[in-house]
Amino acid sequence: MTLWIGVLVGSIGCYLLKLAGLSLPASVLANVRVQRIAALLPVVLLAALVAVQTITDGGRLVFDARIAGVAVAGFAVWRRWPFLVVLVLAAATTALVRLVWPGS
Amino acid sequence: MPSDDASSDPRPPSAALAAWSPIRTRLRRDAFGIALATGAYAVSFGAISVASGLDVWQTVALSAVMFSGGSQFGLVGVVAGGGAPLAGALTAVLLGVRNGLYGLRMAPLLRAGGWRRPAVAQLVIDETTAMALAGQQEAVDAGRPELADRAGRFGFFATGIALFTLWNLGTLIGALGAEWLPAPTVLGLDAAVPAAFLALLAPRLRHGGPVVVALLAAAVAVAASPFVPVGIPVLLAALVGVVVGWVPNRLAGQDALR
């Protein structure tokens, strides 16, 4: 049930941001601080999500096969390979490492 | 002296049509290509979302109402790690701030007032904004700047409608298919989520992007992880962005608005 609340709050919040964008006066963009923070938010959030999802699990530091998968993904991203290739390589690498070293 | 310059050569209406037709064909093709690629991405979203503990309906609702890939993965990622759903929702909303920014930029082009605005707003995302700008550029490159706004709108709506359709279709297929898959860790799907974030992050760090701020945010989030509830470290990283963006400095990167 709380999962539904999260889904709905997040979804409606995201939609209202889009609606606000079309409704607010363009002068909002003139504020340099707004520009800088808005440009930085995706960067800091995505960077944090990459790190947290790669080396933590349930709030603890955990170093396992995910690191290998994300490292390979990093190489693929650097080579500018397509998005789906990045995802598949990350999953396949991680699955393979776990197959060779069970429990990793 | 005869000239090919458009300003000194008022062409008949058929010439305008002749110029518009190839622009429209290219935009339509590009829009479909983007929609197809993101549709395949949606299949992986659907599968990962269900593997992370959301049910099929919640997954489908995210794609229909949230309709923003980064935000959807953000919510699912936090929930998958054991975080509170509201922390996931807040992460998704913060990731969606950029769509509001795109809207500010797109509003003069789209001129969506009245009853159309709520529907058009849902389509304002990374891909449609990029295609609107590409459409405008396409017309300028073709030597027909007077068609720029028309091409921009066409790029926006062709991409938006195709993408919304295939995104939701792909999500449904992935979500239903996931029920037959083995455990997510066996397939390595737990590594596919951070890989997706990495792929979304990389274009923002190229060409003088804020690499130092990204590393700082990652370090703060990891360092905080053992001490605060799951999902909160990512929100603390958002604070890093707010603080760095508030004070003028060189860390914020060269191109602030992309």
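Is B:His207 buried or exposed? B:His207 is exposed, because its relative accessible area is 64%, and the cut-off for exposed is over 50%. This report looks at a predicted model.

**Chain A as a whole**

Chain A holds four helices and two strands. Their order along the sequence is α-α-β-β-α-α. The two strands therefore sit between two pairs of helices in that order.

How far does the C-alpha trace of chain A span along its principal axes? The spans are about 55 × 40 × 25 Å. The radius of gyration of chain A is 19 Å. A compact globule of 104 residues would come near 13 Å.

Burial is the next point. In chain A, 48% of the 104 residues count as buried. The accessible surface of the chain is about 5000 Å². Carbon and sulfur atoms own 74% of that surface.

Contacts can also be sorted by distance along the sequence. Take the contacts in chain A with a separation of 6 or more. Of these, 29% join residues 24 or more positions apart.

**Salt bridges**

Side chains of opposite charge can pair when their charged atoms come close. How many salt bridges does the whole structure have? Over all chains, the search finds six.

| Salt bridge | Distance, N to O |
|---|---|
| B:Asp190 and A:Arg98 | 2.8 Å |
| B:Arg98 and B:Asp126 | 2.8 Å |
| B:Arg144 and B:Glu146 | 2.5 Å |

Start with the pair of B:Asp190 and A:Arg98, whose closest N and O atoms are 2.8 Å apart. This pair crosses between chains. B:Asp190 belongs to helix α10 of chain B, residues 189-205. A:Arg98 belongs to helix α4 of chain A, residues 83-100. A:Arg98 is buried, with a relative accessible area of 13%. B:Asp190 is partly exposed, at 22%.

Next come B:Arg98 and B:Asp126, which meet in a salt bridge of 2.8 Å. B:Arg98 is in helix α5 (residues 97-110) and B:Asp126 is in helix α7 (residues 126-141), so the bridge ties together parts of chain B that are 28 residues apart in sequence. B:Arg98 counts as buried because its relative accessibility is 8%, and the cut-off for buried is under 20%. B:Asp126 is partly exposed, with a relative accessible area of 25%.

Then there is the bridge of B:Arg144 and B:Glu146, at 2.5 Å. Is B:Arg144 buried or exposed? B:Arg144 counts as buried, at 9% relative accessibility. B:Glu146 is partly exposed, with a relative accessible area of 48%.

**Two residues with positive phi**

Which phi value does A:Arg80 have? Phi of A:Arg80 is near 60°, a positive value, and the residue is not a glycine. A:Arg80 lies in a loop of chain A. That loop runs between α3 (66-78) and α4. A:Arg80 is exposed, with a relative accessible area of 55%.

Now back to B:His207. This residue is not a glycine either, yet its phi is positive, at about 55°. B:His207 sits in the loop between α10 and α11 (211-224) of chain B. With a relative accessible area of 64%, B:His207 is exposed.

Terms used
Residues are numbered from 1 along each chain as its sequence is written. Chains are lettered from A and ligands numbered from 1 in the order in which they are written. This is a predicted model: local features need pLDDT of at least 70, side-chain atom pairs count only at pLDDT 80 or more; totals for chains, interfaces and linings use all residues. Side-chain values use heavy atoms; hydrogens and water are left out. The radius of gyration is taken over C-alpha atoms; the globule rule is 2.2 Å times the number of residues to the power 0.38. Buried means under 20% relative accessible area, exposed over 50%, partly exposed in between (1.4 Å probe, protein chains only). Contact means heavy atoms within 4.5 Å. Accessible areas come from the Shrake-Rupley method with a 1.4 Å probe; for residues, only the protein chains shown count as cover. A salt bridge is a side-chain nitrogen of Lys or Arg within 4 Å of a carboxyl oxygen of Asp or Glu.
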